Amino acid sequence: MSKPDTMRLARAISLSGLCSRRDAEKHICDGHVTLNGVIHNMPNHNVSPQDEIIVMGKKIIFPQVSRMRLWRYYKPSGLVTTHKDEQKRVTVFDMIRKHNPHLPRLISIGRLDINSEGLLLLTDNGSFAENLMSPRTQIERRYRVRALGDFTDTMQKALEKGVRIDTIRYRPIKIVQEVTHVKSNGRNKWYRLSLYEGKNREIRKIFEHFNLRVNRLIRIGYGNIGITGLTSGQIREIPQTSVEKINTLYLDKAPRM
């Protein structure tokens, strides 16, 4: 086992924010990485903060949660939350780089699927991102969902026990219909719900399981961070004092697994 202050070389490069884990492994195997002045081609080799790691001429900073920046981004519908898309679709990072070329390479904290919109947290610190996404932190993700169909008390009772869909077990959740005094056209209704893990397309699959068709899905909050004040496509950095509070609130107090 590695010591607490060490990690594998490929992971250190990835968490530094330079590139993905897969790309880091490729750089190492292709001889593009030097460790303490010597070309190194073993991705699983353990490294520590005392080691000098250079990737294609660029020295990386050993990842530490103490160095972290955080941004709020309102992801528009139609963008893919990935750095590289095999189908050549426009990504979140394509748009951010286009309008904010001064920003460092960012990492998303979780994802929103292509048809979803709303709050996406971004950081330049891979370790920070990994910790905020970890199930052990139990961070609440809040959503507004517009769906076609009626959500009944029977459905809610079933959800409160948790449901199994296509061999996947989903934790109990509570869905609340928004109260409005405006007469709506058709059977579209708005709902609010919270998740603490967020499996792939979880909300859409749950609604579909109960024959409700989601036609708009907006993430409005992640922990104590909300989307208020952002318009579609906007990105705003969160003040450092707030980032430190987030670290204390969610990471320092998180139960260890």
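This is a predicted model: local features need pLDDT of at least 70, side-chain atom pairs count only at pLDDT 80 or more; totals for chains, interfaces and linings use all residues.
Visitor: How many disulfides does a search of the whole structure find?
Guide: A disulfide is a covalent bond between the sulfur atoms of two cysteines. Taken from the side of Cys19, the closest cysteine sulfur is that of Cys29, at 12 Å, which is too far for a bond. Over the whole structure, the number of disulfides found is zero.

Visitor: Is Cys19 buried or exposed?
Guide: The relative accessible area of Cys19 is 7%. The limit for a buried residue is under 20%, so Cys19 is classed as buried.

Visitor: How many of the eight residues of helix H4 are buried?
Guide: Helix H4 spans residues 126–133 and is largely enclosed by the rest of the structure. Its buried residues are Gly126, Ser127, Phe128, Ala129, Asn131 and Leu132.

Visitor: Which residue caps the N-terminal end of H4?
Guide: The cap involves a side-chain oxygen that lies 2.8 Å from the backbone nitrogen of Phe128. Phe128 is itself one of the buried residues of H4. The capping residue is Asn125.

Visitor: How far apart in space are Val179 and Gly162, C-alpha to C-alpha?
Guide: Val179 sits in the loop between strand S13 (175–177) and strand S14 (188–195). Val179 is exposed, its relative accessible area being 76%. Val179 and Gly162 are 17 residues apart in sequence, and their C-alpha separation is 25 Å.

Terms used. Residues are numbered from 1 along each chain as its sequence is written. Side-chain values use heavy atoms; hydrogens and water are left out. A disulfide is a pair of cysteine sulfur atoms within 2.5 Å. Buried means under 20% relative accessible area, exposed over 50%, partly exposed in between (1.4 Å probe, protein chains only). Helices (H or I, at least four residues) and strands (E, at least two) are DSSP runs, numbered from the N terminus. A polar contact is a pair of N or O atoms within 3.5 Å; within protein, one must be able to donate a hydrogen and the other to accept it, and residues adjacent in sequence count only if both atoms are side-chain atoms.
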